[in-house]
Amino acid sequence: FASPDALLTPSNVARAALDADVRVEPAWKCALLYGQPCAIFHVVPAVYYLAARFADNFELGVLHALNGGGQNQVRAMLTGALIGAHVGIDGIPPRFLRGLKRADHYVALAKRLAVHLVRDVR
């Protein structure tokens, strides 16, 4: 059944990630807590947990998402997307981009998009 309270889950998970009294160690074990399958109700809480906990560290967030095992591709992709949006292209380690086909093209696209987003926000 659909519940409006479900909309509170992302903010509750993010608050838990930042609360010193609520700790999952190591952080990749949040996949065990929230579930390893790729169903959205398992993936999203783990993604929000990792994105909040590692908001300024793209590498740690993505690596913890991968190390959680199970269906880790979706978890890592979404965690990287959220943290990447926060830290920007300069916050992504260059070695993560080096092996990417057409990396220069995608970096240029990201920078153009960022210029438009910043302009539109002002």
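Mentor: A crossing is called left-handed if the near helix is turned anticlockwise from the far one by less than a right angle, and right-handed if clockwise. This is a predicted model, in which local features need pLDDT of at least 70 and side-chain atom pairs count only at pLDDT 80 or more, while totals for chains, interfaces and linings use all residues. Residues are numbered from 1 along each chain as its sequence is written, and side-chain values use heavy atoms, leaving out hydrogens and water.

Trainee: What is the handedness of the crossing in which H3 passes H5?

Mentor: H3 passes H5 in a right-handed crossing, so by that definition the near helix is turned clockwise from the far one.

Trainee: Why is H3 called oblique to H5?

Mentor: The axes of helix H3 (residues 40-53) and helix H5 (residues 72-87) cross at roughly 40° and come within 9 Å. Angles under 35 degrees count as roughly parallel, over 145 as roughly antiparallel, 65 to 115 as roughly perpendicular and the rest as oblique, which makes H3 oblique to H5.

Trainee: Which residues of H3 and H5 make the contact?

Mentor: With contact meaning heavy atoms within 4.5 Å, the residues include Val 43, Ala 46 and Leu 50 of H3 and Arg 75, Leu 78 and Thr 79 of H5. By class, this contact of H3 with H5 has ten nonpolar, one polar and one charged residues.

Trainee: What makes H1 oblique to H3?

Mentor: Helix H1 (residues 9-18) packs against H3 at an angle of about 40°, with the axes 8 Å apart, and that angle makes H1 oblique to H3. The crossing of H1 and H3 is right-handed.

Note on methods: Axes fitted to C-alpha atoms, helices over the stretch in contact; angles between N-to-C directions. Helix = DSSP H or I, 4+ residues; strand = E, 2+ residues; numbered from the N terminus. Nonpolar A, V, L, I, M, F, W, Y, C, P; charged D, E, K, R; others polar.
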